[in-house]
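Hello,

Here is the structure you asked about. My notes on it follow below.

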There are 2 protein chains.
Amino acid sequence: MITVVLIGAGNVAQHLLLAFQQAKDIKLIQILARHPKELTHLLDTQYITSDYTQLKEADLYIIAVSDNAITSVSSQIPFKNKLVVHTSGSIEMNVLDSKNRKGVFYPLQTFSKIKPVDFNQIPIALEAENDNDYAVLETVANAISPHVYHINSEQRKALHVAAVFVCNFVNHLYKIGNDICIENNVSFELLKPLILETANKIISLSPDEAQTGPAKREDTITINSHLKFLKENNQKELYRLLTQSIIHHGKKL
Amino acid sequence: MITVVLIGAGNVAQHLLLAFQQAKDIKLIQILARHPKELTHLLDTQYITSDYTQLKEADLYIIAVSDNAITSVSSQIPFKNKLVVHTSGSIEMNVLDSKNRKGVFYPLQTFSKIKPVDFNQIPIALEAENDNDYAVLETVANAISPHVYHINSEQRKALHVAAVFVCNFVNHLYKIGNDICIENNVSFELLKPLILETANKIISLSPDEAQTGPAKREDTITINSHLKFLKENNQKELYRLLTQSIIHHGKKL
């Protein structure tokens, strides 16, 4: 039985908390949050503290806080030579305080508090300073997901940047599609099957095979008619740059 | 029983052909293609012609060809006062030759020849010059999909522009994510659950609720570190513009 203490109360911390509650062979013994109230709907107050001096001894401390707080939080853990990891995609392992053994436990998913996620579908990217610590992280990760990968800090950074493109930026394009629908009295519902199919295609086709549309065909008549249709400068600029990028990519192949 | 003649051999024509073959109360009696060979794997040669003078009389002619060929194809139909529709999202109904009755039958989906689609999930946007013709189109559309909408030419254009953002441009962002993975020796497989979840979220959350990431948080440290990490100018430029657009959108709310 591996004992775990979680630090944080945000999206990642809350989803990890729920996953660990259902995992076998992992015992979540405590969670530290600046505002314990944010967690009382998920577990009993006796397991929550806001005081670092009250932290219990555990096999693993998982820091799931915002990137710029990781170093400071890690330095407040009142123990030495414990295994302490963060959950960030973009931050190096080495920002963690050196009095403890370092690692990374990065679940690659987009978390919103209001939507449940199935950890079984989530890849977890792990990094540690030595094999023993890696084995501990692997056991903990395997308890909540079958998709566990050994990823070093440089690879993780690449993954995180790629994730910004395929998730954050993609969602913003959904937002622009939604705006265009609202401005023209069409229901965004009509686009939802297209959105799902576009994502599903990428599971079985490469992005090059899956690419369709006026830019792919270099159909300048349609492209110009769309640019004329768009009224907002920001929408026009994004349309222009993304279209150029598709045409340019096609030429490189 | 409504009789249908299909004109075209591309992605949309082939997927419509397959859908009509399985539809009740709709009889696909002929398909015209410049190169009949492109269709012989789907139906018997006796139903295929490349000669407009051989076109059979039918209740409905569906022109599923590239946008710039629609007018010319419609003028070659050797009949008068028949119902003739095109399947394009971006072209007005009125480009069709005036010797026949006009309409639009626009299935809003991304079609690749190599991947089957379920027409049951596809919205079909219809337009016609009069109620009788609209009723015919509605019967035909309902035979292959439960999602049928009355959409005028202006609304359809908005839908098509929005579809370029949420499908073609989104797929290009998948492509860039894939490039970044390849350049940094990480498997694109790790991103696929994130891609699916990002699409699935939009079914139940608004794009604003679903937005996450460094731009949403205005986390300039991560944003600058990502911009430094990206080596290709095109990737940098897209990252910068999409990040600005997310921050700008957030401020408007």
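A term first: a helix crossing is left-handed if the near helix is turned anticlockwise from the far one by less than a right angle, and right-handed if clockwise. Please keep in mind that this is a predicted model.

The two chains. Chain B can be laid on chain A by a turn of 180° with a shift of 0.0 Å along the axis, and the RMSD is 0.0 Å. That is the relation of a two-fold axis. The C-alpha of V170(B) is the one in chain B nearest the axis, at 2.8 Å. Both copies use the same surface, since 100% of the contact residues of chain B recur in chain A.

Helices between the chains. Helix α5 (residues 192–204) of chain A and helix α4 (residues 153–183) of chain B have axes that come within 9 Å and cross at roughly 20°. That makes α5(A) roughly parallel to α4(B). In the sense defined above, α5(A) passes α4(B) in a right-handed crossing. On the α5(A) side the contact is made by L194(A), I195(A), T198(A), A199(A) and I202(A); residues of α4(B) in it include V170(B) and Y174(B). By class, this contact has 9 nonpolar, 2 polar and no charged residues.

The sheet. In chain A, 8 strands form an open, mixed sheet in the order β3-β2-β1-β4-β5-β6-β7-β8. Its edge strands are β3 (48–49) and β8 (148–150), each pairing on one side only. Strands β4 (residues 60–63) and β5 (residues 83–86) of chain A run parallel and are joined by 4 bridges; Y61(A) has V84(A) as its bridge partner in β5(A). Helix α4 of chain A lies across β5, β6, β7 and β8 of chain A, at about 25° to β6(A).

Regards

Terms used
Residues numbered from 1 in each chain as written. Chains lettered and ligands numbered in written order. Predicted model: local features only at pLDDT ≥ 70, side-chain atom pairs only at ≥ 80, totals over all residues. Heavy atoms only, no water. Least-squares fit on C-alpha atoms with pLDDT ≥ 70 in both. Contact = heavy atoms within 4.5 Å. Pairing = 2+ DSSP bridges. Helix = DSSP H or I, 4+ residues; strand = E, 2+ residues; numbered from the N terminus. Axes fitted to C-alpha atoms, helices over the stretch in contact; angles between N-to-C directions. Parallel < 35°, antiparallel > 145°, perpendicular 65-115°, else oblique. Nonpolar A, V, L, I, M, F, W, Y, C, P; charged D, E, K, R; others polar.
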